[in-house]
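Please look through the structure below with the following report beside it. The text goes from charged pairs to strand pairing and then to the nonpolar core.

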Amino acid sequence: MEQSINERFIVFAGSKSGGSQRLPIPFDLNIGDDVPIAIHSHTFIYNVVKAEFFDNQDGTVNVVYLLKQTLE
């Protein structure tokens with residue numbers, strides 16, 4: 001039985017504290033996708049390197065996508 005996704009989050013890899021704040025997103029991502037992130041007038045490209053699924057024990061899961069900055 002496939003579980004439906006309840007919430008989706010992104011996390012940025014490589015921060016000095018070992019992780020970053022989870023940011024909610026309203027759509028699915030796939031491993032290998034390039035994701036443009038805009039901060040003020042700058043755009044950074046991040047790649048989806050991992051997807052973790054957390055069972056909510058109610059027939060739904062939460063997904064956390066790990067993003068790593070590319071060199072572009």
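At 46% relative accessibility, Asp28 counts as partly exposed, where buried means under 20% relative accessible area, exposed over 50%, and partly exposed in between (1.4 Å probe, protein chains only). This is a predicted model, in which local features need pLDDT of at least 70 and side-chain atom pairs count only at pLDDT 80 or more, while totals for chains, interfaces and linings use all residues. Residues are numbered from 1 along each chain as its sequence is written, and side-chain values use heavy atoms, with hydrogens and water left out.

The side chain of Asp28 meets that of Arg8 in a salt bridge (2.5 Å, N to O), a term that stands for a side-chain nitrogen of Lys or Arg within 4 Å of a carboxyl oxygen of Asp or Glu. Because Arg8 lies in strand 1 and Asp28 in the loop between strand 2 and strand 3, the pair ties together parts that are 20 residues apart in sequence. Arg8 itself is buried, with a relative accessible area of 18%. By this rule the count comes to two salt bridges, and in the other one Glu52 meets Lys50 (4.0 Å, N to O).

| Residue | Relative accessible area | Class |
|---|---|---|
| Arg8 | 18% | buried |
| Asp28 | 46% | partly exposed |
| Glu52 | 34% | partly exposed |
| Lys50 | 40% | partly exposed |

Strands here are DSSP runs (E, at least two residues), numbered from the N terminus, and two of them pair if DSSP finds at least two bridges between them. Strand 1 (residues 4-12) pairs with strand 5 (residues 60-69) in the parallel sense over eight bridges, and Ser4 stands opposite Thr60 of strand 5. With strand 2 (residues 23-25), strand 1 pairs in the antiparallel sense over three bridges; Leu23 in strand 2 is the bridge partner of Ile10.

Ile10 also belongs to the largest nonpolar core, which has 11 residues, including Phe12, Ile37 and Tyr46; such a core is a set of buried Ala, Val, Leu, Ile, Met, Phe, Trp, Tyr and Cys residues joined through side-chain atoms within 4.5 Å. Strand 1, strand 3 (34-39), strand 4 and strand 5 each supply at least two residues of this core, and its largest share, three residues, comes from strand 5. Leaving aside neighbours within four places in sequence, Ile37 is in contact (heavy atoms within 4.5 Å) with Phe12, His42, Thr43, Phe44 and Tyr46.

Technical notes:
Helix = DSSP H or I, 4+ residues; strand = E, 2+ residues; numbered from the N terminus.
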